[in-house]
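Student: Could we go through this structure together? I would like to learn how to read it.

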Amino acid sequence: MPRLKSDSLLLLFLRLGGFGCFAGWAWVLFYWEGPYGVLLWQDATFALAEKIGISWDEFVGSGAHDGLVQTWHSRIGWLYLICAILTLTVREKSRIQMAGLIGGAGLLVMLSYAKYLSANQQLPMFVEHGGQMLIPVILVLALAFGVRHRATVITAMVAFVMIFAGHGAYALGYPCPTPANFLGMTSIILHLEAETARIFLRIAGLLDILVCIGLFFRPLRRASALYAAVWGFLTALARPVAGMSPGLNYWGADQYLHEVVLRAPHFMIPLYLLFLWRKSEATDSLIAPSAVQDENTDPKTCCS
Amino acid sequence: MKFIRIVTLCCAALLIAGGAIAQQKGNKGIKGKGKSKGGGALVIPEVEKKDIICFALYTVNDKVLKLTAQLYPVPGGDTKTVRLEIERDGKWVEVAKTEVIEQGWTAPFRVENWDDTKTQKYRVLHGEEASYEGTIRRNPIDKDEIVVAGFTGNSINAKHGGDLSRQDLIDNVNKVDADVLFFSGDQVYDHHRHYAAWLKFGRDFGEIIKDRPTLCLPDDHDAGQPNLWGESGKISTLSGAADGGYSQPGEYVQEVERAQTSHMPDPVDPHTIGQGIGVWFTNLNWGNIDFAILEDRKFKTGPAGRVPKQGPRPDHILNPDYDPASVDVEGAILLGERQLKFIDEWAQDWAHANMKVALSATIFCGGAHIHGAANGRLHADMDSNGWPQTGRNNALRGLRKGFAFHYAGDQHLATIFQQGIDEYGDAIYSFCVPSIANLYLRWWEPLEAGPNRAPGAPEYTGDHLDGFANKVTNFAAANPEKNPAGNILNTRAAGFGIVRFNTKTRDIEMECWPRNVDVTDPEAKQYPGWPLTISQFDNYNPRSWGKLGELTFDVENPVVQLIDAESDEILYTVRASGKSFIPGAPGGKTFIVKAGKDAPDTVVSKDAKVGGEAQAVTLQ
């Protein structure tokens, strides 16, 4: 079966989402510091290290010199950079590269877990990273089985729901308090008083939950995906818009821009779903018959 | 498609419900509102009407009593009026009433023309049933020794021993009968529910707070953020808040400050800052000691984007070879002009004061090298008041003009430093008290031994440059154990401070106690390096200075002021001890010396120099 031209576009969205996520985190890990500290600097990790013969000083440093914790903390960035490159180079039969991306997903799961721990074990913190954790998996599934394969689409929908359910829960202030910077960004960008900003966020949170539900109803799913793509992009963009200023070094770009980049899955996954379900799909022209025959065009497994 | 829909809807439902369930876990059996996750049993208990007043804080200054009663939520139909009564001749007399402020449920009272010469019982009343009693102490102006107990870092997290009883602190404060309580910051660590945490603070400490003047300085965690560079009230959006400003909305910060500071003396310069946030920097004159209460966070510039990046966080400097001058950027503020002006005036005003003490959240230097749960060496931390250096030096120049002793906290590491500006030891002493329960560990551990340390003193003492190249002389550091054992408070160097100010001899004795000791037990040991006693006059006694001729007065304890004859700049103002005083001063300069009973209004000499003649001065 031939491959639809739009499949390439769908794949591009997933590649860009994955690339942005890994590249953004690589930026954080090289330039700033990742959130892994909370996992590494704790008794349980040290106990594990001790079992394999690593001393306290070797593990955490002597005070004068770095230990394994500090050394490896900075090296993790290289793994993210490699994964970012893999999102662009991986092809249908690149099994090793796919394995690398699945490993990258594991790194993102650990990262999200670390952020969850740092946030006083607030579940929405872990949940809202679902898109970032799953984007490499979605990309691998899309390549292995096809961008329209049931497994790919289901995983993308789960990622979608995790992003917006987590985000929505925070915006609604339930079950965890709304993060203060949500209110701050809203107040600054929209020039709203705190109370009005809170109401705005409640409404936005409710819409986040509604689009998660709307995703599962054919008449609503395109509108839901469109809203999510736009809102996902705007919320990612809110960080630099609220924080950057001409008075800062580099206008503050080094403080804020990576926040948009690493959130690429927040708008690329909805964009992928939006284009997957677009009406004009039937009229798409066909590209040359694929030499790579796989399940991605099998109508029996296609989800659209 | 139907299958997919069902599966994914189930996933969505599970995620949302899971979140809710996860938040409720661990809170079983707790009755009340505002249940906590990860912060112990933080609740707003449902109390009976008779118990609706949780605690009360007060100060008396310049014949004005300010008392704030902290209430539990008042039910809708109940009166919002709260009354304050004083016992006079065995009868309760109402002296003030006020309406409770619903946002935070505080009831602030203000009583003018307060007679501070006698101790008086008070009670706060609400409705027909609720009554809360305490004692307003008389001003202890006849006491030689004023005892100030100092606390910081009130973590309630069980991981750090924060869930353990504070009874040892209560007992020890009662045993030493502290005249003033000083909570330097982080009374509350919950970043979203200050009210619930403040009520818990009141339940933990109300027993000692209700009977003595108490000063609470809200710091970063109180305001709901991990660090605070207030930048005059702007809104912070960056994770970690290094962009400057407040993460929580202004109304939240206002509630925090109302709860913690509305009982303090009126602010000397009450203009609000951004988001309608008030200011509370002021002074309290009590027991012949003039306390300057400083806000070292509120006006401070955030470093993110202002200073060249030097580490993995905008506020952290890892590179030991960086140029310290590169981060002392133009326009970066520490205390701000308003507070510097206040300090300048305060340092010259010695009415009813024998000694001066500056209180702030933290000390004016980078007071730690190793940060966190492991041996993470941090060259410099811009959360400390070592940065910005120019702002730090300006603050110290102001404070040393009044020979102020500095009492602070926040560092999670008890230390004694003498600050230096142009040379080692040319500015004030600071005592940073240990945390009540230590959330985050730090160590003072310079890589090289400090010169000029006392014989036998640890190598980490002596003269050092901090990470911002500020000159500091360390006298003591209560470093925690390198691999502390779980929630055992004292392996994490938890504790509290006591400072005894002798207003007669002008000695200042610093004590630093671990938790769960009896400070009156002769066998009880303080952290290594304590106690340390200094003189009030050590707070501005540069090593390079000489002495002017001795001044002998016809009155006790006159106020003496030294002015640079060339620049007309006031070098210092201080109340002398007894009838003689030998002013210290730099060599090679000429000074105008002024003196007076309570203010330096008489010129004693116009050309005083180091090594000059002794002089008898008549002031009566």
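Tutor: Let us begin with a definition: a residue is buried if 20 or more other C-beta atoms lie within 10 Å of its own, exposed if 12 or fewer, and partly exposed in between, with C-beta atoms placed from the backbone. Please note that this is a predicted model, in which local features need pLDDT of at least 70, side-chain atom pairs count only at pLDDT 80 or more, and totals for chains, interfaces and linings use all residues. Residues are numbered from 1 along each chain as its sequence is written, while chains are lettered from A and ligands numbered from 1 in the order in which they are written.

Student: Is B:Asp463 buried, exposed or partly exposed, and why?

Tutor: B:Asp463 counts as partly exposed because it has 17 C-beta neighbours inside 10 Å. B:Asp463 is found in strand E23 of chain B, residues 462–465. Helices (H or I, at least four residues) and strands (E, at least two) are DSSP runs, numbered from the N terminus.

Student: Which residues is B:Asp463 in contact with, beyond its neighbours within four places in sequence?

Tutor: They are B:Tyr424, B:Gly450, B:Pro451, B:Asn452 and B:Thr473. Two residues are in contact if their C-beta atoms, placed from the backbone, lie within 7 Å. As for B:Ala576, its C-alpha is 29 Å from that of B:Asp463, and 113 residues separate the two in sequence.

Student: And B:Pro270: where does that one lie?

Tutor: B:Pro270 lies in the loop between helix H4 (250–261) and strand E11 (282–286) of chain B. B:Pro270 is exposed, because 11 other C-beta atoms are within 10 Å. Setting aside residues up to four places away in sequence, B:Pro270 touches B:Gly278 and B:Val279. B:Thr282 is 12 residues from B:Pro270 along the chain, and their C-alpha atoms are separated by 9.4 Å.

Student: Let us step back. How many helices and strands are there in chain B?

Tutor: Chain B has 6 helices and 36 strands. Of its 620 residues, 56% count as buried. Among contacts in chain B between residues at least 6 apart in sequence, 68% join residues at least 24 apart.

Student: What about its radius of gyration?

Tutor: The radius of gyration of chain B is 25 Å, which agrees with the value near 25 Å for a compact globule of 620 residues. That radius is taken over C-alpha atoms, and the globule rule is 2.2 Å times the number of residues to the power 0.38. Along the principal axes, the C-alpha atoms of chain B fill a box of roughly 100 × 70 × 50 Å.

Student: Now the strands. In what sense do E3 and E4 of chain B pair?

Tutor: Strand E3 (residues 81–88) and strand E4 (residues 91–99) of chain B pair in the antiparallel sense over 8 bridges. Two strands pair if DSSP finds at least two bridges between them. B:Val82 stands opposite B:Thr98 in E4(B). The hairpin of these strands has 2 residues between them, and B:Asp89 takes a positive phi near 50° there.

Student: And how many bridges link E3(B) with E6(B)?

Tutor: E3(B) pairs with strand E6 (residues 120–126) of chain B over 5 bridges, in the antiparallel sense. In E6(B), B:Val124 is the bridge partner of B:Leu84.

Student: Which residues are buried in helix H2 of chain B?

Tutor: In H2(B), residues 167–176, B:Leu169, B:Asn172 and B:Val173 are buried. Seen down the helix axis, the buried residues of H2(B) fall within an arc of 100°, so they line one face of the helix. The arc is that of the directions from the helix axis to the C-beta atoms. On the other side of H2(B), B:Gln167, B:Asn174 and B:Lys175 are exposed. The elements covering the buried residues of H2(B) include strand E8 (145–154) and helix H3 (194–209) of chain B.

Student: Finally, what does chain A have in the way of helices and strands?

Tutor: Chain A has 14 helices and 0 strands. Buried residues make up 49% of its 304 residues.

Student: Which residues of H10(A) and H12(A) meet?

Tutor: A:Gly184, A:Met185, A:Ile188 and A:Ile189 in H10(A) meet A:Ala238, A:Val241 and A:Ala242 in H12(A).
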